[in-house]
Amino acid sequence: MSNFKCINFCLVLVLLIGYSGNVMSQIAIGEWRAHISYNQIVSVTGSSDAIYAASERGIQIYQKDNNSLQTLSKVNGLSEANISEVYYSKANDMLLVGYNTGNLDVLKNDEITNYPQITTQSYYEERGINGIVDFNTETLLATDFGIVEFMPATGRFGNTYTVEEGQIIPVFEIVSTTNYIYAATSQGIYFAERDSYLADPSSWSGMDFLPEFGQSFNLVDIFNGKIIANYHNENGKDKIYAVENNSYEELITSTKEKVNDIYSAEGKLYIVSDNAIEIYNSQYSSIETIEQTEQGDLSPLTVYKMNSSLWIGDAELGLMKRNSNGYSQSFRKNGPSRNDIFRAVSSNGNIYLLGAGYNENYEKKGLPAHLSRFEEGNWENFSFSNIEDLASLSIKPGNPNLKYAGSWGDGLIELDGCSPVKFYDESNSPLAVAGSGDVRIRNLFFDGEDNLWMINHGTQHPVVVKSADGEWAKHKYDALADALIGNMISTENGFIWGYLPRKRSVFVIDDNNTSAVSHDDVVEIRKPVDRNGNVYDYKNDNIFAISEDLDGYIWLATEGGVLVETDPAGYFQEDSFQPTRLRISEGGDSDYLLRDNTVTDILVGPGNRKWFATKRSGVFLFSEGGDKMIHHFSEGNSPLLSDEIVDIELEEKKGELFIVTSKGVVSYRTGTSEAKDNFKETYVFPNPVKPDYEGPITITGLIDDVNVKITDISGNLVYETVSEGGQAIWQGKDLSGQKVSSGVYLVFITNEDGSKTHIEKILFIK
């Protein structure tokens, strides 16, 4: 082998090794990925090749031939994130995905087609799809307003069946025999002859001989010649009836309360309750009760039988396969433990998700505390016994293992890594019990001196500090006594800024660099007013978030858009607080920035650009000064799971924006990342660049505002740019706009005064 070939071979090998190690967990700029929990599986179906298990937010696909696990979500083809039912139609060789909005997706030959006709009609207010079943040449959809025909061959909808004339009766499940069709409805079990005109309500009859007829029956199936129907009792234990020839008997089960599924297959009847799966033989004798698997205690929602294996969809343990010998396996795509996320926190290249916080009235949810950590493309989940409602998390600067978590009821928790090591409440600290009888902590943050600040919610003196040396101080500020504080932040000039959400006011604390004592502190509360001294009152202007940008400006998220204070140092010198309501001009029109949006969060990214989260309109990205909109992501134009944004957080090392919505978490790779002070962490992604790749190439881990030159191996200039934040972008084209040829390209990086330089290599494969 020649020296030249050897050098190139070694270079390729080094590049491939670097690619596999450093950046395999990344996505390209402009790409999205979903971070969905598959711990709760609501529906399971199967084909000869695969098992499909749906959570509300996405679908796991288990391929039998290679034991692989894939996912479908709104990021890669599904229409939305409100899945209620999945059904594999063997007659049509397709997967149907029903949503609780009435939307319908059909997956056939690896293509997804959306049929939105039900969800876009306006006649029925409730439109959810509750069940799907093949019937003759069409497929029937059990919906919140009746039974709807869907013709898979043409993709058209047909008649709507109503079981009672002039009434809108929700249908939950459908099953049929050779001669009859049966429907479980909110008013009881109805049936009709299979060959009758089903669109005529007079064709349907109710099983009025059942004791609870006229009330809700949510499940129906056929087993050993009998109709098995479940009466769903909202206020007590469900009842299961076995019906034959207008007579019935109650099936005695060991279920504690609610029945989630009734399923018959291969001569056995499966009764799925909140705590167990009970299996019956053809004589209706219980032959087995499954309450546990190797994965833990069951909370099953549904089952599906395929050959000798029982597939279980559980509310906590996800998808499980139970073999005939009783051994079970778990199949869960890696993800956070829950979809109901309250906050996201970024630190040292990791993202943390917290649940479940408190509601919009600051009331306790009473849900088990859970914490999920995203590191190098992998989620790790942590649960805490006897702790509820995590509401805040802060990581000690310079010590990523030391964390503090605030619970909405169980006080302050000190963590080593993600393991609780110490608890603080009224018994061992100045923290006080709220009127609710518990200790509620949130809004944890470290100031510039490593003092930990927090809000002790619902107490007379809610501002508490734990100093860097472990001393505690409860600041008895008269101005903030008994106040409902929204959030506080520590700013560059050493002040603590915060807001009072229900008083539409901002406060500033000057602690005179003595956080342990408050006698020398200055605290002042003011309402934002315009230049004429009038209080901003558009849509009441309640305040939802506060943030400081890279210029030291203070930004406020309000019910009527955004306010910005450009002279925060003068807060105590001025007679009034006069932040600016920014205006933006588009197409000759001018209006206040996000005036018609309730802005819930503000994130300042690299390059000082501003991300805004809203309550009903998704996420916006604006330029540094807020005068130019760069992106607007909504549920309609992006993979966002919902337009209701709960929180946004940027993993700054790679520039990945994590968006917490009311329905779960997705992330978007932005074009900027955190700037460095050297080139030790510089890398290129993707590298090597494969033939089918058309996206941007990023050089990440840079110093801000450095010169980046790209040349071919002979030294000819191909491209030149300047980094923004810690990242530069190249589209893989030369100076004439042509795609570069295969080969090795060199990246020369130099700071402004030339004191720091660095070289990277990029391999293009054709």
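In this predicted model, 4 strands form an open sheet in the order β22-β23-β24-β25, with antiparallel pairing. Its edge strands, each of which pairs on one side only, are β22 (259–265) and β25 (286–290), and the twist from one strand to the next averages 15°. Strands here are DSSP runs of E with at least two residues, just as helices are runs of H or I with at least four residues, numbered from the N terminus; two strands pair if DSSP finds at least two bridges between them. Axes are lines fitted to C-alpha atoms, for helices over the stretch in contact, and angles run from 0 to 180 degrees between N-to-C directions.

Residues are numbered from 1 along each chain as its sequence is written. Because the model is predicted, local features need pLDDT of at least 70 and side-chain atom pairs count only at pLDDT 80 or more, whereas totals for chains, interfaces and linings use all residues, and side-chain values use heavy atoms, leaving out hydrogens and water.

| Strand pair | Bridges | Facing residues |
|---|---|---|
| β2 (residues 43–46) and β3 (residues 50–54) | 4 bridges | T45 and Y52 |
| β24 (residues 277–280) and β25 | 4 bridges | E278 and T289 |

A hairpin of 3 residues joins β2 to β3. From β2, S43 and T45 point one way and V44 and G46 the other, and all are buried, meaning under 20% relative accessible area, with exposed over 50% and partly exposed in between (1.4 Å probe, protein chains only).

H461, in the loop between β41 (452–457) and β42 (463–466), is buried, with a relative accessible area of 12%. Leaving aside neighbours within four places in sequence, H461 is in contact (heavy atoms within 4.5 Å) with K474, H475, K476, Y477 and A481.
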